[in-house]
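Q: Hi! Could you walk me through this model before I set anything up?

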Amino acid sequence: LADSGFETVLLVEDETAILEVGVHVLEKRGYHVLTAATPSQALDMVGSYPHPIDLLITDVIMPELNGQQLAEAIRQIRPDIKVLYISGYTADIISHHGVLLPGINFLEKPFSGRQLGRKVREILDQQ
């Protein structure tokens, strides 16, 4: 697949079905996928995982922390990580969470495997 890769992606999503689909889509494209169902699980993983994590894919609206707060916390530990926010909420709601600012990577749910694969590759290729 043209949008395949080898990088490590951390997918944080509290909806099991979306988490499973995301893992399937990304692993099929060659990515190493770490998963977390909650922000606290994600932070534990980021702190203990011994290898680079290239991309954080996080839901915007979650219990504990929103996606932006999670990304900020992870950047304290891994300042070079890239971030893709995903959400099924409308742009209007998401904008209140500071996610739709210029330069922010965002993908609206539901998305296809092709859309996810293309977006991930595009973000990882950004300098």
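Q: What should I know about the model and its numbering?
A: It is a predicted model, where local features need pLDDT of at least 70, side-chain atom pairs count only at pLDDT 80 or more, and totals for chains, interfaces and linings use all residues. Residues are numbered from 1 along each chain as its sequence is written, and side-chain values use heavy atoms, with hydrogens and water left out.

Q: Thanks! How many helices and strands are in the chain?
A: There are five helices and five strands, following the pattern β-α-β-α-β-α-β-α-β-α along the sequence. Helices (H or I, at least four residues) and strands (E, at least two) are DSSP runs, numbered from the N terminus.

Q: And what share of the residues counts as buried?
A: Of the 127 residues, 45% are buried. Buried means under 20% relative accessible area, exposed over 50%, and partly exposed in between, with a 1.4 Å probe and protein chains only.

Q: Moving on, how do α2 and α3 sit relative to each other?
A: The axes of α2 (residues 39–48) and α3 (residues 67–77) come within 10 Å and cross at roughly 10 degrees. Axes are lines fitted to C-alpha atoms, for helices over the stretch in contact, with angles from 0 to 180 degrees between N-to-C directions. The two helices are therefore roughly parallel, a label for angles under 35 degrees.

Q: Which residues make that contact?
A: Pro39, Ala42, Leu43 and Val46 of α2 meet Leu70, Ala73, Ile74 and Ile77 of α3; contact means heavy atoms within 4.5 Å.

Q: Which residues of α2 are buried, and which are exposed?
A: Pro39, Ala42 and Val46 are buried. They cover an arc of only 55 degrees around the axis, so they lie on the same side of α2; the arc is that of the directions from the helix axis to the C-beta atoms. On the other side of α2, Asp44, Gly47 and Ser48 are exposed.

Q: What about the buried residues of α3?
A: Those are Gly67, Leu70, Ala71 and Ile74. Their arc is only 100 degrees, which puts them on the same side of α3. They pack against β1 (8–12), α2, β3 (55–59) and β4 (82–87).

Q: Last one: is Thr58 buried or exposed?
A: Thr58 is buried, with a relative accessible area of 0%, and lies in strand β3. Leaving aside neighbours within four places in sequence, Thr58 contacts Val12, Gly67, Leu70, Val83, Leu84, Tyr85 and Ile86.

Definitions and conventions:
Parallel < 35°, antiparallel > 145°, perpendicular 65-115°, else oblique.
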